[in-house]
Every structure is written in structure tokens, then in C-alpha cells.
Amino acid sequence: MSDALGVGVVGYGYWGPNLARNFAEVPDVRVAAVSDVREERLAEARRRVPGAALTRSARELIADPAVDAVAISTPVSTHFELALDALRAGKHVLLTKPMTASADDAARLIDAAAQRGLVLMIDHTYVFTGAVRRIREIVRDDGFGPVYYYDSVRVNLGLFQHDVNVIWDLAVHDLAIMDHVLGTRPAAVSATGMAHVPGGVENIAYLTAFFDTDTIAHIGVNWLAPVKVRQTLIAGPQRMIVYDDLEPSEKVKVYDKGITVGVDESPERLYRLAVGYRTGDMWAPRLATTEALRVEAEHFADCIRGGTTPITDGEAGLRVVEVLEAASRSLRERGRPVRIGQPVRAR
């Protein structure tokens, strides 16, 4: 490997230019090659990524000795084969979300990377935002207590996808955030939704995740909303968090509010629950403002150089895909809860 880490970007459509731009800004990293099947996208890359080798063949990019790592930004149906080809060629891999179209494929990629000592990282971009990193710290703090619920709304008008439904397109963000913040995965999931475009996939869906604790999560996603909303509520007995990703300045607000539950032991009211409400201050923590994708690109490069495991490694990607698969099955069965598998201990 040369001193400068050579990154090849496969797919230069919606997200690929963002990946290329951020990798180009990381010290000792260069964008060595870009591939896309469309000539007009390669023409755009020629203007934006001077010096990078351009090709319509992803396999040609993967075989390029100047490429040490491959960032794959293509439809999810192509992820498994492209990532496996790259790993077999000895390249480190960054995969955009969702990791793969099936949990079996995700597990195979994890094994392939482990066998070769290569870094496999998933582009769960929100995990690298200052907001989500700070929320994780707050929730893991002893003063927060157990999480009662995680409630999220992520809606907008479009962009309609053809290869995946709205759960795989939008809910994947919230599942990745939830996985990172809570540190434990759901035991089962229920999902309902509807397709309003003839012959299309579900454009609106509601997902409920059940845990082996008292935590419950609810995620609403929608491509058919008149406004754009990205808001999450997380509540515990002592504190409550409001995370509004569209808020320009105070994206995270922490409310010192909660409840206390006791038992009224007076003879005439024995065993009656007594619920008390506590209201305190609201505070907005200072958040890191570095672009999330820049933080992610630096983390990927650091993991390659140091041989360390990424925060959003293949296992994190697999956990999210397992929930997506279970949600898809529940969706087909009109909301029947589907077990995800044996729960793992909190990380």
C-alpha cells in the first residue's frame, strides 16, 4: 500500500459524489478511481475528481492496483457481488446503506472480510453526526435510566425508489441510529404499510420494534408527505430527548422531565399506583459540526491503517438488515410480529 490510501468509488450517482468529495479532503487519502455505467456521470466525475481513473467497469476499478479500498454506492441489489469481488481482490470495503438485500449475504461478507483481515464498514452516516454521537453519550449516562421508548418520524415528498420500499430506504437510518444509541437490538418487529403507486413498492410504513426489556420503538416513514420531517423522541424515567435533524442550531434538546411511580399503601387504597410528574430545565448540548461523512471517511481510513474495527462494522450492518428482513416479512403478513433472533447483550 502506498503512503496515500487509494480509494475507488463505485457508483457516481446521488451519493457517490459526496463520498468522493469527502475522501478527497481526508489527509493522506486520494480518490484513485471512479466507476459508473453512465457516461454523463463519468463526465461529471472528470470535472470534480481530477486525476482519478475513470471507467464504466466496476471490476476494472476493483482490479486497479492503485485502489486500496472500494466505496460502493450502487443499488442494494448489487452490493453483495461487488463487495465480495472487492474483498476477494484484497480491497477494504465501505458499503452504503442498507448493507445487503439479505442477512445471509451480509453474514457472508463479514466472513469474507474476517478471513482476509480486511476492513468492512457500512455507511450508516447518521451515526457519525455530532447529534447522534452526543445522544448516545446522554442515553448511556447513569442519569438517564432505562429507555422507555424510541419514537421517530422520517417523512418527505419523494424520492420514490424502484428497487426497495420505504422501510429499506428511510427506516434504515433510524434503525442504524437506534442500534448505535441503545446498544441492543430488538427481539421482534411488526410492520404495516401501503403502496399507492400501481405496481410500486410500499411508500408509507409504520414499524414497531419490541425488545426483551420494557423498551419499545416506533418508526414512521413516508415518501408521500407534504413536508419534510426528521424528528426523534427518546424517553427515560429521568430525561427526555428531542432530536430534530432539520433544526439549524439546536438539533438536540434534553428535557429534565420524567415520572416517579410508587404504590399508595394506605389501607383504603392498597396497591393503587401513585404516579408523580417531575419537570425541570431544558438544555441544548453543544454538538460537533464537522460533516458526518467527513468524520466517517476519516474513521474508515484510520481503521484501515490501524487495523481496528469500525464503529459501523459489518456486524452493525447485519443487525440492521435482520430487522429490515423481519419487517418486510411482517409487512407481507399485515403486521404480524416476527422474531428477529436471539437477543444479544448490550454493547
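Which residue in β10 is the bridge partner of L207? The partner is I219.

The model is predicted: local features need pLDDT of at least 70, side-chain atom pairs count only at pLDDT 80 or more, and totals for chains, interfaces and linings use all residues. Residues are numbered from 1 along each chain as its sequence is written, and side-chain values use heavy atoms, with hydrogens and water left out.

Helices (H or I, at least four residues) and strands (E, at least two) are DSSP runs, numbered from the N terminus. Two strands pair if DSSP finds at least two bridges between them.

Strand β10 covers residues 216-222. Strand β9 (residues 204-210) is joined to β10 by seven bridges, and the two run antiparallel. Five residues lie between β9 and β10, and the two strands form a hairpin. Strand β7 (residues 149-157) is also joined to β10 by seven bridges, but here the strands run parallel. On that side, D151 stands opposite H218 in β10.

Is β10 mostly covered or mostly uncovered? It is mostly covered, with five of its seven residues buried. Buried means under 20% relative accessible area, exposed means over 50%, and partly exposed is in between (1.4 Å probe, protein chains only).

G220 lies in β10. G220 is buried, with a relative accessible area of 7%. Contact means heavy atoms within 4.5 Å. Leaving aside neighbours within four places in sequence, G220 is in contact with S152, V153, R154, V155, A205 and Y206. P98 is 122 residues from G220 along the chain, and their C-alpha atoms are separated by 18 Å.

## The nonpolar cores

In soluble globular proteins, nonpolar side chains tend to be buried together. A nonpolar core here is a set of buried Ala, Val, Leu, Ile, Met, Phe, Trp, Tyr and Cys residues joined through side-chain atoms within 4.5 Å.

The largest nonpolar core has 76 residues. Which members touch the most other members? They are M99, L109, I167, I234 and I241. Helix α7 (residues 166-182) gives this core its largest share, twelve residues. A second, separate core has 29 residues, including A20, F23, A71 and V127.

Now look at I167. Apart from neighbours within four places in sequence, I167 is in contact with V172, A191, A205, L207, V221, L324, A327 and L331. L207 is the residue from the opening question, with I219 as its bridge partner in β10.

## Helix α9

Helix α9 (residues 314-332) has 19 residues. From its first C-alpha to its last, α9 reaches 27 Å, close to the 27 Å expected at 1.5 Å a residue. The expected span is 1.5 Å times one less than the number of residues. This helix is mostly covered, with 14 of its 19 residues buried. R334 follows α9 and has a positive phi, near 55°.

## Salt bridges

Side chains of opposite charge can pair when their charged atoms come close. A salt bridge is a side-chain nitrogen of Lys or Arg within 4 Å of a carboxyl oxygen of Asp or Glu. The whole structure holds 16 of them.

| Salt bridge | N to O distance | Separation in sequence |
|---|---|---|
| R294 and E25 | 3.7 Å | 269 residues |
| E39 and R56 | 3.9 Å | 17 residues |

Take E291 and R21. E291 is partly exposed at 36% relative accessible area, and R21 is partly exposed at 34%.

R294 lies in helix α8 and E25 in helix α1, so this pair also ties together parts of the chain. E25 is partly exposed, at 41%. E25, R294 and E298 are linked in a network of salt bridges.

E39 lies in helix α2 (residues 39-48), and R56 in the loop between β3 (53-55) and α3 (58-63). E39 is partly exposed at 46%, and R56 at 49%.

## A buried histidine

H92 is found in strand β5 (residues 92-96). H92 is buried, with a relative accessible area of 8%. Its side chain reaches the backbone nitrogen of V119 at 3.0 Å.

Notes:
A polar contact is a pair of N or O atoms within 3.5 Å; within protein, one must be able to donate a hydrogen and the other to accept it, and residues adjacent in sequence count only if both atoms are side-chain atoms.
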